[in-house]
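Hi,

Here is the structure I promised to pass on. Have a look at it first, and then read my notes below.

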Amino acid sequence: MHKRFTAALLLFISFILVSACSASLEEEQTAAKNAAEEAFNLSPEKTNHEFEDIEYYLPFGYEVEEESPNNIILKNGSKRYILFYNQHEGPDSKVVYDATLKQKDKYEVKETFTKDGHNGFLLINRGKKDEHELVVGIGGVKLSTQAATRNLSSEAAAMMEIANSVQVKN
């Protein structure tokens, strides 16, 4: 009896500690908004990749997996990202944002940012278990992935950094 009580007490304490150490979904969504907005407001990184109509920056660890017109599949370890671009839409466009909103009934987080004629956005939708659909974009560019709750802010920052760097070739 004493062993069961001790085991139950240890399990309860472990649960409390794990719960206290992990960020709640709401906290991580707020952090993701702040991280995306901060990356949006930074000066774009110097481009280090190009494909057909665009040039863009990829941070360390990211690589191109597949390229096709208007879509580039990126990967970082086992994570996959879709970089979509519409070379006919400038950084002030809201066409991609509006079209993305129409694809889902509702996004839990819908944030928009504006600076110097650029329109940026962050969208988060709850997925399965601890995974969430994360979409960021600027004008005619958007990146999307599936991200764990605890990674929403870091993923949003890196993705916005990439989106911010995209330049359409003339």
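To start with a question: does Glu37 count as buried, partly exposed or exposed? Glu37 counts as partly exposed, since its relative accessibility is 28%, and buried would mean under 20% while exposed would mean over 50%. Before I go on, please keep in mind that this is a predicted model.

**Salt bridges**

Glu37 has a charged partner: its side chain meets that of Lys33 in a salt bridge, at 3.1 Å from N to O. Both residues sit in helix α2, which covers residues 25-41. They are four residues apart there, or about one turn of the helix. Lys33 is partly exposed as well, with a relative accessible area of 22%.

In total you will find seven salt bridges in the structure. Two others are worth a look on your screen.

One is between Lys169 and Glu50, where the closest N and O atoms are 2.6 Å apart. Lys169 is partly exposed, at a relative accessible area of 29%.

The other joins the side chains of Glu65 and Arg80, at 2.9 Å from N to O. Here too the pair links distant parts of the chain, this time 15 residues apart: Glu65 is in strand β3 (residues 63-68) and Arg80 is in strand β5 (residues 79-85). Glu65 is partly exposed at 37% relative accessibility, and Arg80 is partly exposed with a relative accessible area of 39%.

**A buried glutamine**

Back in helix α2, have a look at Gln29. With a relative accessibility of 12%, Gln29 counts as buried, because the cut-off for buried is under 20%. What does Gln29 touch, once its neighbours within four places in sequence are left aside? Its contacts are Glu108, Val109, Ile124 and Leu152.

Strand β2 (residues 54-56) is joined to β10 by two bridges. If you want to find one of the positions, Glu55 has Gln167 in β10 as its bridge partner.

**The largest pocket**

Gln167 turns up again here. Which residues lie nearest the centre of the largest pocket? They are Pro91, His118, Val141, Val166 and Gln167, out of a lining of 18 residues. The space in this pocket comes to about 230 Å³. α4 (152-165) and β10 each supply at least two lining residues, and α4 gives the most, with three. Sorted by class, the lining has nine nonpolar, eight polar and one charged residues.

That's what I have for now.

Cheers

Note on methods: Residues numbered from 1 in each chain as written. Predicted model: local features only at pLDDT ≥ 70, side-chain atom pairs only at ≥ 80, totals over all residues. Heavy atoms only, no water. Salt bridge = Lys/Arg side-chain N within 4 Å of Asp/Glu carboxyl O. Buried < 20%, exposed > 50% of the residue type's maximum accessible area, 1.4 Å probe, protein only. Contact = heavy atoms within 4.5 Å. 1 Å grid on protein atoms, 1.4 Å probe; cavity = no way out; pocket = protein on both sides within 12 Å on 5 of 7 lines; lining within 4 Å. Points joined across faces, edges and corners; volume = space filled by probe spheres on them. Nonpolar A, V, L, I, M, F, W, Y, C, P; charged D, E, K, R; others polar. Pairing = 2+ DSSP bridges.
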